[in-house]
Amino acid sequence: MITHPPEQCESRILPSDDATAVDFCSLLGQTTIYPTHSPPIVGRGGTWSRMASGVTNENQGQYTGDGSVDIHGNPVLKNSTGNWRACPFILGNECCERLAYYGIATNLVTYLKNKLHEGNASAARNVTTWQGTCYIMPLLGAILADAYWGRYWTIAVFSTIYFVGMATLTLSASVPAFKPSPCVESVCPEASAIQYAIFFIGLYLIALGTGGIKPCVSSFGADQFDDTDPRERMKKGSFFNWFYFSINIGALISSSFLVWVQDNCGWGLGFGIPTLFMGLAIISFFFGTPLYRFQKPGGSPLIRMCQVVVASFRKWKVDVPHDSCLLYEVPEKASAIKGSRKLEHTDEIKFFDKAATVTDLDTKTESFSNPWRLCTVTQVEELKILVRMFPVWATTIVFSAVYAQISTMFVEQGMVMDTSIGSFTIPPASLSTFDVISVIVWVPIYDRILVPVARRFTGKERGFSELQRMGIGLFISILAMAAAAVVEIRRLDIAKAEGLVSEKVAIPLSIFWQTPQYFLVGAAEVFTFIGSLEFFYDQSPDAMRSLCAALSLLTTALGNYLSSFIMTVVTSVTTRGGRTGWIPDNLNEGHLDYYFWLLTGLSVLNLLIYVACANRYKSKRAS
């Protein structure tokens, strides 16, 4: 027997052939008793979760409350697993992996041009195609992690693929037979089909590997903190800060030291060092295995979403009951979705509630085990959460388009500025180091100063909510674009004063005037990118966290596509009628400042839309 106290008795029970349940909810002070073999209870997700097992665990406080287990599938003790004791291995893995990735990505176009003898357009196209693949592949890794393998084994498998790709790429740059002969004067022999094949197999194995682990590492790190423990939940926000800090430490080493090694000591060594660090990343990850907390995979999230949509349309003529207690849910403590807690019903997007509405036909045909016809409240709420998150997700695409300027128009602007310090010439692209430094500086300031101060005023355990944090970052990105426009106005004024408008030459304005815009973008990253990591982890359903992390990464790719689209439209419109346009080959004749002001305006509009979406957003409610 399963016994429910009066306060839990809120819903009717569906009858079955072998048992008839009597509704005593109207009898106050009575206890309702149901046979254990009766059909699932219809009621709010999680309303009866505490009573479902009928057994009280005396040692409940010693174990995590979020359903996490050890590598063998057993419940884990709080005082010996997870928390910060497990995080150094995960952060070390991320730092080494990012060092390896940026060790390839930062200077890849140079290798394609100088060693594989590709032209400018071909090299640029290959780099952008590869980078786009790196940010699309997380969808594959996320689905495998959430549905089948879990985050730990997904990271393990794709890290191995990653390492094989790195080793293949190193061999292609080291073995003479695997690379074309050097240029003789102006004659550069093309790479053979086999040489191309070895290089691109290695390169796309890296894309597959990095894409597979990207959506899992941050989520796996956050899994080490128990959502049901307020003290651990507060530490989780700090984890995301230091996670992003680790990324930028790896990026800083790659963009400085490794680029120098590749240009001065050879590509074999330049690719070999990142390969070594990828090996260290794998070792660091496996060393922490006894300390990790694991979340069980919950089946394919895509299939579950399709089931809700199909079930809703199959019942599109069915009226949703006014009392949400009458919607279908299982009686057990855990939801019907493996590894997921129950979610409380919400009143938005009520059309999907049809999927959880029990009809007479469902009762007669015993459709309780057919999710294509009848879904639980928790399953319906999963889809609702993704729909509610979509507007917030969409606004981060514009921010990613602003961030994309670091590697595009900021560099183009720097090329027509004074890049010399005495006899030393600064590569314009190297100023992106200031963005990395800004992140490294801002993370501890935010974590150790801003959060405690903000906590006193807001009362929030993390100082700011995720949505507030992201909004602050969007505002800072507006300042970054405005700063870039002001620098460009100053540069064009000097060009006119010096009579250099018609000449395609650098203007005597130090490239270090770009430093503020790089620092502002770095500060915006700390607020918006890290805030979005927190948001998509905390607000996503338990069994969809890798998928939501992949969606947050997808905004980077979409931001780049949006930036390219804006550039195409601007070029097309401003060059009509034979005009020079805003962004001609000779920037001294153009108006790059107008382009930056356009992005500033779009960012302002995006912020206004974001504020409206954030104010309407209702947070996830777990039972």
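Among contacts (heavy atoms within 4.5 Å) in the protein chain between residues at least 6 apart in sequence, 81% join residues at least 24 apart. This is a predicted model, in which local features need pLDDT of at least 70, side-chain atom pairs count only at pLDDT 80 or more, and totals for chains, interfaces and linings use all residues. Residues are numbered from 1 along each chain as its sequence is written, and side-chain values use heavy atoms, with hydrogens and water left out.

Of the 623 residues in the protein chain, 54% are buried, meaning under 20% relative accessible area with a 1.4 Å probe and protein chains only, whereas exposed means over 50% and partly exposed lies in between.

The structure contains 28 salt bridges, each defined as a side-chain nitrogen of Lys or Arg within 4 Å of a carboxyl oxygen of Asp or Glu. Three of them are listed here.

| Salt bridge | Closest N to O distance |
|---|---|
| R98 and E97 | 2.8 Å |
| D353 and K350 | 3.8 Å |

D229 is buried, with a relative accessible area of 7%. R98 and E97 are both buried. In the salt bridge of D353 with K350, D353 is buried at a relative accessible area of 1%, while K350 is partly exposed at 37%. Elsewhere, salt bridges with shared partners connect D227, K236, R341, D542 and R545 in one network.
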